[in-house]
Amino acid sequence: MDQLIQENKLSKEQIFETLNQFITEVIGEEFVEEMDITPASSFTKDLEMDSIEIVAFSEKVKNHFGPNIDFTGWLSNMDLDEIIQLKLENIINYIQECQ
Amino acid sequence: MPIIDLPNIRLHVQELNPAGRETIIMVHGMFSNLAVYYFNIAPMLAKHYRVVLFDMKGHGMSEKVQTGYDLTSMTTDLRDLMDELGIEKAHLAGYSYGGLVALKMATRFPERVGKLAIIEGPDPSEQETLAIIDTYSKEFLIHYIENFADTTRLLAGKRQLEKNHRMYEFLFNETSIRSDMEGEKAFFNDPAVAAITNDTLLIYGEESNCVPSGRTLASRIPNSRLVLAPGDHNVPVQQPEVIGKELIEFFVRHDEMIVTGAPADCG
């Protein structure tokens, strides 16, 4: 049973690909082309996303991964410094844990 | 992303805890957007209430339009939004110009408004109001650059700076926003403001230039209480937890103590 659930889980690579796509949709392909998006990219410093873009990104995460992933609730427990430091891999790990 | 079509405008709306029994609608200020509440203050309130956030016209991800930034047009938009979402009555929280929108709602549609929380609502008759708003934009931009822009990455930094610059250019040069705001100069002297009977919380930053505006409102609105929080005009960004707690105290705790005899802990 555990193994079966394990098999249905998305891999980190799959989650990364999906998030990468969302980022492209939010900030625009022309800007993404000039960036090297990796799991180590930080949202505010590397990707230069502002808060309303992170809102749009959160919306896509919620719609795609479903209500079990309370992305906004998770973010709301962080202070500004933590959000500034937030990296793509933190979100990938969070989504994996919630699956 | 949820864009809602209203008769006059398309607005970007976000809802938290849609199953909540009562609703709080939060209105942001000029040159800002719903993100000012989304990550901290709104989730705190959403533990108790349905919370509706929206980007004002010309702001955030809402439709960009050239006119209608006066309080009457803004409150017509908000009334239409309530109709569209099937909200008969809501508590309102508004920051800066959004605070004036909340007050105007209480004067125009008193039957649709529960409690009122006004954060840093500026007196539009003050000569400095537009200057304050200019300062606010600059501070907002500086705060933004200090916190979010990495000066070693000029290319990436450029995108956000240009985006912000475009917003100010659009609102200042291509819309009626300045004349619409100037047209509201007499708003605090409107007898309808003194006739507001709603429970009203006035939160101002103790270092803010807007404190005298808070005192004016406190003297005119009978059921109001003025609270000073540590910070200046940017107090919701500087002290989101303090503001969130004050709002919960005002909106939730007071109600629950009356209704159930004890504060409920939903956390």
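The model is predicted, with local features needing pLDDT of at least 70, side-chain atom pairs counting only at pLDDT 80 or more, and totals for chains, interfaces and linings using all residues. Residues are numbered from 1 along each chain as its sequence is written, while chains are lettered from A and ligands numbered from 1 in the order in which they are written.

Let's start with a helix pair. Helices here are DSSP runs (H or I, at least four residues) and strands are E runs of at least two, numbered from the N terminus. The axes of α2(A) and α7(A) come within 10 Å and cross at roughly 120°. Two residues are in contact if their C-beta atoms, placed from the backbone, lie within 7 Å, and the table shows who meets whom.

| Helix | Residues | Contact residues |
|---|---|---|
| α2(A) | 12-27 | A:Lys12, A:Ile15, A:Phe16, A:Leu19 |
| α7(A) | 88-98 | A:Leu88, A:Ile91, A:Ile92, A:Ile95, A:Gln96 |

Next comes α4(A), residues 51-65, which reaches 21 Å from its first C-alpha to its last. Its buried residues (20 or more other C-beta atoms within 10 Å of their own) include A:Ile52, A:Phe57 and A:Val61. Their cover includes α2 and α5 of chain A together with β2 and α1 of chain B. After α4(A) comes A:Gly66, with a positive phi near 90°.

Chain B itself has 11 helices and eight strands, and buried residues make up 46% of its 267 residues.

Definitions and conventions: Axes fitted to C-alpha atoms, helices over the stretch in contact; angles between N-to-C directions. Expected span 1.5 Å × (residues − 1). Buried ≥ 20, exposed ≤ 12 C-beta atoms within 10 Å, placed from the backbone.
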